Amino acid sequence: MSWNNKMLIDGKWCDAANGKTIDVINPATEEVIQAVAFGTREDAKRAVQAASRAFKKWMKTTAYERAKVLKKTADLMRDRVESIAKTLTMEQGKPLPEAKAEVLHSADTFEWFAEEGKRAYGQVIPNSMPGKRHMTIKHPVGVVGAISPWNFPITLQARKIAPALAAGCTVVSKPASQTPLCLIQVFECLLEAGCPEGVVNLVMGPAQEIADEFLENQEVRKISFTGSTEVGKELMRRASDQLKRLSLELGGHAPFIVFPDADPEIGAQIAVMGKFRNNGQVCIAPSRFYVHDSIKRQFTDATIRLTQKLKLGNGLEPGVEIGPMFEKKALTSTQELVEQAKECGATVATGGKRSDRFERGYFFEPTVLVDVPTTAKLMIEEPFAPIMPILHFDNLQSVIQAANNTRYGLAAYVFTNDLTTAWQMAEGLEAGIIGINDPVPATPQCPFGGMKESGLGRELAHEGLEAYLETKYLAIKLGE
Ligand code: NAP
C-alpha cells in the first residue's frame, strides 16, 4: 500500500523544496509506513503567501458558497472512512473502531460549521443620541496558522480548519510530524470538494521553523495551537510581538469523582472506558480518580477486573480495545511515572509494565495504581499514559479542593444521581468541560476548551466560529 506523501501548497501537491523526507513509523510494528515530505521555513513561507493571496477572494465568497465546500468535504470523508481510519490506526496506534469514530466526528465538525458559518451575525444596537445609528458586522481574521498534535490528528485540525474556512479565513496547517498521512487524505477531500487553490495548505517540517514563519510573517493574523502547555506558553510569549490572535488548546489533568449514591460497578465501567481510550493519550482523559470511602472497595475491585479483561494488540486486529502507545519515548516515560509513584508509596494493582506478549511495538499494560500519594509525579503533571490512580475522599468540599489543586483546568467528571451534588460540583470545579455521568462530552455544537493553564478560548460551538472573526463596529450619523 502506498500513500500520498506530499505537502499541499497553493492547490498543488509538492515535495519539500529541499527534497527532504521523514519516516512515519507504525507504533504497533515499529516498521516504516511511508517516507513523507518534510520541508523547511521556506515551504511554510510559500504556503502563507498562497493563503494570503487566496484570502482576498475567499473572504468575499458567501457563507453559503463556503458551506457547500465544507459539506462536500464531510460527505467525502464519510465515503472514505474505512481507508482514512486504517491510515490513522497505522500511524497513530488507536484501535480501528476509535479511528473510524474520529473520522466521523471530524466529518460532523465540517458539516456543523458549514451551517454555523451562515450565522456569523452582527448586531444592530439601539442609539442613545437622535440621528445616530450603531451596528456591528463580522470580518474574517485572515490567514491562520494551525498547529496540532498526534493524538487526534484529524479531529484537532478539523476543529480549526472547518470554522476558519466557514468564517472566510484561509489556513496553513502543520500536523504533528509523525501523523501526517491521515490528514493528507482529509486534504484530498477538501480539494475534491472544491476548495480553491491556496485556501487550505498543508506543510510538514521542523516545528520550530514552521512556527517561526507563523509568528514572524505579518500575513499570518492568527495562530491556533493544540498541544502541550509548555509550547502553548512559548507561542503566547512570542505572539505578543505582533499581537497575533491566539487560540490555545493545551494539556489537562482531569479528576473523575464518584459519589456514594452512584453505582460503583457502572462507575468502574465508565472509568475504564474513559481512561484507556486512545491509551490515556487524550487531553480530556480522566487521570485522577477520587472515589468516596463508602464504595472504594467495590469500585476498585471492579476496575481491576475490567482492566485485566481489556484486549491489547495491533489496532487493525478485530476485537482489540487498546493499541500501542504512540512512540517509544511514551513507553519509557510511562514506566518512569509508575516507578516514581511506587517510590512514593503507591501499589500496582494491575499492569505497571511494558507488555511482554509482543516482540515489537510500544505496548504498555493498562495499569491501575492504589494508595497513590499526592506527591507522586503523575498526580501533579499531566500523565498522558494508560495509568489509573485511585484515591479516596469523604466529603464534597474536600474533593473539590483536591480536584482543583492543579495548574490545569480542562475537563472534570462527576458521577452522582443527586441533583444538588451535581450542581454544587459543576459550580465548584475549575474546568472548562464538566461531564456529569458522561465520560465523552465532546460534540461539535458545544464549546471545548480549558481554564487556567489548559488554554485560551474555545473550539467548536459558536465560540469556535467567533474565534476566527473580528467584530467591526459601525457608527452612522444620519443627515437632518
Ligand atoms: P507538543 O509537543 O506541544 O506538539 C504539538 C504540536 O506542536 C506538534 O505539531 C509539534 O510538532 C508542534 N510543536 C512542537 N514544538 C513546537 C514549538 N516549539 N513551536 C511550535 N510548535 C511546536 O504536544 P504533544 O506532546 O505532541 O501533544 C500532547 C499534548 O497536547 C498534551 O499536553 C495534550 O493534553 C495536548 N492536547 C490538548 C488538546 C486540547 O484540546 N486541549 C487536545 C489534544 C492534545 P512536531 O510533531 O513536529 O514536534
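Sorted by class, the shell around the ligand is made up of 15 nonpolar, nine polar and four charged residues, with Ala, Val, Leu, Ile, Met, Phe, Trp, Tyr, Cys and Pro taken as nonpolar, Asp, Glu, Lys and Arg as charged, and the others, Gly among them, as polar. The model is predicted, so to speak for local features takes pLDDT of at least 70 and for side-chain atom pairs pLDDT 80 or more, while totals for chains, interfaces and linings use all residues. Numbering runs from 1 along each chain as its sequence is written, and side-chain values rest on heavy atoms, with hydrogens and water left out.

Of the 28 residues around the ligand, S148, S177, S228, L250 and E382 come nearest (near: a heavy atom within 4 Å). Both domain 1 (7-250 + 453-474) and domain 2 (254-443) put at least three residues into the shell, the bounds coming from an automatic or database domain assignment.

Oxygen atoms of the ligand also pair up with polar side-chain atoms (N or O atoms within 3.5 Å): W150 at 2.9 Å, K174 at 3.1 Å and E249 at 3.3 Å. Of the 910 Å² of accessible area that the ligand has on its own, the protein covers 84% (Shrake-Rupley method, 1.4 Å probe).

Definitions and conventions. A polar contact is a pair of N or O atoms within 3.5 Å; within protein, one must be able to donate a hydrogen and the other to accept it, and residues adjacent in sequence count only if both atoms are side-chain atoms.
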